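User: I am new to this structure and would like to learn how to read its features one at a time. Could you take me through them, giving the general idea before the case at hand?

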Amino acid sequence: MYFSPGRIVTIQQSAKVIKQQLLDWCQSIVRGYEKVNIVNFSSSWSDGMAFCAMIHHFYPDAFDYCQLNPENRAYNFQLAFDMAEKCADIAPLLEVEDMVKMKNPDWKCVFTYVQSIYRRFSLLRRPASSPPHLIVPELEPD
C-alpha cells in the first residue's frame, strides 16, 4: 500500500487504474477505425488490426489501412510492427510467429508493447515544460 492525499491506495488498485487508463487511451486513438474494437489487452489485438490502426493514426501515409483484412493476421502484425519500428523507432517487442500461434495473445505481452507505443506518442503531445506524467490533450480547432 501507499498513501495518497486523503486515502490509502493499494498497488493492485493502482495497477488496475493504469491498465484502464491505457485501454482508454488506445480506444481514443482507434476511434472511427473499422474492424477494430478494443475492449481488453488480449482478444481485441488478436488479428493485428488494432496495432495497425494505432500506427496508422500517427502515420496515415505509411500504409493504406482500408486495404487490410482481419483474416490476414500475420501480415497485419508484421506490417504494424515494421511500421512502428521504421516510422516511430518503437522496438519490436512481439514476434509475429508468437502472435499468430495464439487465438488470443497474452495480455501482459500486448500491454507491455502498447505501453511502449504510448510512451513514444504521448511525448508528441506534451509541452517541454510539462511533467512526464501529465498528458496535455490536443485542442480541437475552432
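User: Is Cys-26 buried or exposed?

Analyst: Buried means under 20% relative accessible area, exposed means over 50%, and partly exposed lies in between, with a 1.4 Å probe and protein chains only. Cys-26 has a relative accessible area of 0% and is therefore buried, whereas Cys-109, at 37%, is partly exposed. This is a predicted model, in which local features need pLDDT of at least 70 and side-chain atom pairs count only at pLDDT 80 or more, while totals for chains, interfaces and linings use all residues. Residues are numbered from 1 along each chain as its sequence is written, and side-chain values use heavy atoms, with hydrogens and water left out.

User: How many disulfides are there?

Analyst: A disulfide is a pair of cysteine sulfur atoms within 2.5 Å, and by this rule the count is zero.

User: Which residues have the most contacts inside the largest nonpolar core?

Analyst: In soluble globular proteins, nonpolar side chains tend to be buried together. A nonpolar core is a set of buried Ala, Val, Leu, Ile, Met, Phe, Trp, Tyr and Cys residues joined through side-chain atoms within 4.5 Å. The largest one here has 39 residues, and those with the most contacts inside it are Trp-25, Val-36, Phe-41, Trp-45, Phe-51, Tyr-65 and Phe-81. Helices 1 to 5 each supply at least two residues of this core, and helix 2 gives the most, with eight residues; helices here are DSSP runs (H or I, at least four residues) numbered from the N terminus.

User: Which residues is Trp-45 in contact with, leaving aside its neighbours within four places in sequence?

Analyst: Contact means heavy atoms within 4.5 Å, and with those neighbours left aside the partners of Trp-45 include Cys-26, Phe-51, Phe-77, Val-110 and Val-114.

User: What does the side chain of His-56 reach?

Analyst: A polar contact is a pair of N or O atoms within 3.5 Å; within protein, one must be able to donate a hydrogen and the other to accept it, and residues adjacent in sequence count only if both atoms are side-chain atoms. His-56, which is found in helix 2 (residues 49–58), is buried at 14% relative accessible area. Its side chain reaches the backbone oxygen of Pro-60 at 3.2 Å, and a polar atom of that side chain lies 3.4 Å from the backbone oxygen of Phe-63.
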